[in-house]
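Biologist: I would like to learn how to read the strands, helices and loops of a model with some care. Could we go through one together?

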Amino acid sequence: MENIRRKIIYVDDVNYNLVAVKSRFKERYTIYPAQSVAIMFEVLENLKPDLILLDINMPGMNGYDAIKKLKADNRYADIPVIFLTARDDKESVLEAIKLGAAGYVRKPFSDADLTDCIEGQFVEKKKKRPNIIYVDDVSYNLVAVKSRFKDRYTIYPAQSVDSMFEIIDLVKPSVILLDINMPGMNGYDAIKKLKADSRYVDIPVIFLTARDDKESVHEAINLGAAGYVRKPFSDADLIKQIDNQLTLPPSD
């Protein structure tokens, strides 16, 4: 079967970025560069792309205003938009999710990271991947889990419980992975708050933690945890616990 050559509009006010991305991905995608949002809309009049890559910080109309305009127009609302930006603060990521972005890739980026994000949009059209929020205060753990399970689940990393509660209404997770030892609100207090809220009480929570004493396991079960996985863990062990929750029938 012949590979599909996807058409992508890439919007960035820096010409070097446009040239570099087009060159790096010329064997895989047909990239249509646009140096402003206004040019993007001109291109859209004559082309229906498979996807749009969009910078945030641009003169004139910025990326946030651009996606608002896209999502408000029936002609363009279903085109996946991935932000490709140097902004790496959590507020920018959350704003992108709220506005309906299909993905968020930080510059500088690897070809593999951007390709995975792009291709993930088309995998999901065939088979929807479950949304999972993973809460851990260690950035390395968040990156590692997202990378290890990117082909099976859509992982939304949260580096604190506060971040989890900011994300939860936006992505409607099927499962929450939760560390125990974290600054601020710890995992035990987080699950208590989840189980006390009618909006979240039915979301399965699996603890993913380095604590391996039986008292910690008993406490997690008593608080309503659906599973408990000790770090370091095997992919098979975590997948089994997650998939068990995804296949359970709804409770009465």
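The conversation below takes up sheets, helix packing, a salt bridge and some backbone details in turn.

Modeller: Before anything else, please keep in mind that this is a predicted model.

Biologist: Let us begin with the sheets; in what order do the strands β1 to β5 lie, and is their pairing parallel or antiparallel?

Modeller: These five strands form an open sheet in the order β2-β1-β3-β4-β5, and the pairing is parallel. The edges are taken by β2 (29–34) and β5 (103–106), each of which has a single partner strand, so one side of each is left without a neighbour in the sheet. From one strand to the next the twist averages 20°.

Biologist: Now to the helices; what should I look at when two of them pack?

Modeller: Two packed helices are described by the angle between their axes and the distance between the axes. For α2 and α3, the axes come within 11 Å and cross at roughly 25°. Angles under 35 degrees count as roughly parallel, and α2 and α3 are therefore roughly parallel to each other.

Biologist: Is the crossing of α2 and α3 left-handed or right-handed, and which residues meet there?

Modeller: The crossing of α2 and α3 is right-handed. On the α2 side the residues are Val-37, Met-40, Phe-41 and Leu-44, and they meet Ala-66, Lys-69 and Leu-70 in α3. By class, this contact of α2 with α3 has six nonpolar residues, no polar one and one charged.

Biologist: How do α7 and α8 cross, and which residues meet between them?

Modeller: The axes of α7 and helix α8 (residues 187–195) come within 11 Å and cross at roughly 30°, and the two helices are therefore roughly parallel to each other. Their crossing is right-handed. Val-161, Met-164, Phe-165 and Ile-168 in α7 meet Ala-190, Lys-193 and Leu-194 in α8, and the residues of this contact divide into six nonpolar, no polar and one charged.

Biologist: What is the crossing angle of α4 and α7, and what is its handedness?

Modeller: Helix α4 (residues 90–98) and helix α7 (residues 161–171) have axes that come within 10 Å and cross at roughly 15°, and the crossing is left-handed. The contact is made by Lys-90, Leu-94, Ile-97 and Lys-98 of α4 together with Ser-163, Glu-166, Ile-167, Leu-170 and Val-171 of α7. By class, the contact of α4 with α7 has five nonpolar, one polar and three charged residues.

Biologist: How many salt bridges does the structure hold, and which residue forms one with Lys-48?

Modeller: The structure holds 17 salt bridges. Among them, Lys-48 forms one with Asp-78, the closest N and O atoms being 3.7 Å apart. Lys-48 lies in the loop between α2 and β3, and Asp-78 in the loop between α3 (63–71) and β4, so the pair ties together parts that are 30 residues apart in sequence.

Biologist: Which residues does a cis peptide bond join in the region of Pro-108, and where does Pro-108 lie?

Modeller: A cis peptide bond joins Lys-107 and Pro-108, with omega about -5°, and Pro-108 lies in the loop between β5 and α5 (111–126). The peptide bond from Lys-231 to Pro-232 is also cis, with omega near -10°, and Pro-232 is found in the loop between β10 and α10 (235–246).

Definitions and conventions
Residues numbered from 1 in each chain as written. Predicted model: local features only at pLDDT ≥ 70, side-chain atom pairs only at ≥ 80, totals over all residues. Heavy atoms only, no water. Axes fitted to C-alpha atoms, helices over the stretch in contact; angles between N-to-C directions. Helix = DSSP H or I, 4+ residues; strand = E, 2+ residues; numbered from the N terminus. Left-handed = near helix turned anticlockwise from the far one by under 90°. Contact = heavy atoms within 4.5 Å. Nonpolar A, V, L, I, M, F, W, Y, C, P; charged D, E, K, R; others polar. Pairing = 2+ DSSP bridges. Salt bridge = Lys/Arg side-chain N within 4 Å of Asp/Glu carboxyl O. Parallel < 35°, antiparallel > 145°, perpendicular 65-115°, else oblique.
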